[in-house]
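Visitor: Could you take me through this one and tell me where each label comes from?
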Amino acid sequence: MKKNYLTISEISRIVNLPIRTLHYYDQIDLFKPAYVDPLTHYRYYSETQIYQLDLIKSLKYIGTPLESIKYAQSLTPTQLLEFLSDQEQRVEQKVQRMLEVQQALLKTKELITEKMNIPKYNEVYETEMTSQRLIALKTVDLNVDNITGETFSTFTKMVEREGTIISKYGAIYEMKDYETFKQIFYDYLFTPLLTERYVELIHEDEQILEMPGGKYANIAFLFENNETYFKAYKKLYAAVQEPHSPVYEVFMPMNYSPTEPTEFVVELKVKIK
């Protein structure tokens, strides 16, 4: 055996990899020792093999699967350069995804803060809002009384297909001087888009809408029944009287406990012209 061979303990210390990892890499033929003593079965490595481990560690660090790393070892320098360019693209996509996750977290915090900062219930108040992008599902003859699980399933699948999450449910309908609650029918179901990513819609009843920024008149209340809903709506209408303006209805849970009954806060918003 040549004297310049390194023991598995030595190379483990040099490259900062656990011995058990080197054993595993040997088993899967990813990184094999230069020499194995036939009597003791001790593994020995040459110093030049450190460069092989540098490639393995670098690719592993960015999340490249072990099978792909094994494939990369067989490439020519030109092919390896192309492979690394592809890996760079994958890293950029992951970075973008993490930025979107961060943006989603910030938006979700804003939504929770918005609920906590409702100044009063069952009274009209004003807020200043920035514009929001909404992913919306066009609806026909739909209101609080006849929303089905199938409707929500269609809406949820649409939202998840576009790579976002439902932070709160909303609906849009036209402001009118309704005589009864049963006259209110939704034009859209929506949830805010938590990121600025491009959304490719595939059905004609799916739309991206913008809730414009500006001053809004709002009323918030605990949803008990249709009567409490309509009473709050009439109070909002009397205060602003903006016929044909969209009313943005938002349902927000008061708690997320699996053991306590969930109460919902409803907030109705109308932009003041």
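Visitor: Where is the place of N122?
Guide: N122 is in the loop between helix 5 and strand 4. Helices here are DSSP runs of H or I with at least four residues, strands are runs of E with at least two, and both are numbered from the N terminus. This is a predicted model, in which local features need pLDDT of at least 70 and side-chain atom pairs need 80 or more, while totals for chains, interfaces and linings use all residues. Residues are numbered from 1 along each chain as its sequence is written, and side-chain values use heavy atoms, with hydrogens and water left out.

Visitor: Why is N122 called partly exposed?
Guide: Its relative accessible area is 40%. Buried means under 20%, exposed means over 50%, and partly exposed is in between (1.4 Å probe, protein chains only).

Visitor: What is phi of N122 near?
Guide: Phi of N122 is near 65 degrees, a positive value in a residue other than glycine. D29 also has phi near 65 degrees, positive and not in a glycine. You'll find D29 in the loop between helix 2 (19-27) and strand 2 (35-36). With a relative accessible area of 47%, D29 is partly exposed.

Visitor: What makes Q49 buried?
Guide: Q49, found in helix 3 (residues 49-61), has a relative accessible area of 7%. That value falls under the 20% cut-off, so Q49 counts as buried.

Visitor: Which residues does Q49 touch?
Guide: Leaving aside residues up to four places away in sequence, Q49 touches F31, K32, P33, A34 and Y44. A contact means heavy atoms within 4.5 Å.

Visitor: Why is the pair of Y24 and Y25 tilted?
Guide: A pair of aromatic rings is described by the distance of the centres and the angle of the planes. Rings of Phe, Tyr and Trp (its six-membered ring) pair if their centres lie within 6.5 Å; planes under 30 degrees apart are stacked, over 60 edge-to-face, and the rest tilted. For Y24 and Y25, the centres are 6.5 Å apart and the planes are at 45 degrees, so the pair is tilted. Y24 is partly exposed at 40%, whereas Y25 is buried at 6%.

Visitor: How many aromatic pairs does a search of the whole structure find?
Guide: It finds 17. Ring pairs also link Y173, Y178, Y186, F230, Y233 and Y237 into a cluster.

Visitor: What volume does the largest pocket have?
Guide: About 420 Å³. Of its 21 lining residues, E110, E114, M129, T130 and Q132 are the closest to its centre. Helix 5 (77-116), strand 4 (125-129), strand 5 (132-142) and strand 11 (264-271) each supply at least two lining residues.

Visitor: How many helices and strands does the secondary structure of the protein come to?
Guide: There are 7 helices and 11 strands. Of the 273 residues, 37% count as buried. Among contacts with a separation of 6 or more, 70% come from residues 24 or more positions apart.

Note on methods. On a 1 Å grid over the protein atoms alone, a cavity is a set of points where a 1.4 Å probe fits but cannot get out, and a pocket is an open set with protein on both sides within 12 Å along at least five of seven lines; lining residues have an atom within 4 Å of a point. Grid points are joined across faces, edges and corners, and a volume is the space filled by probe spheres set on the points.
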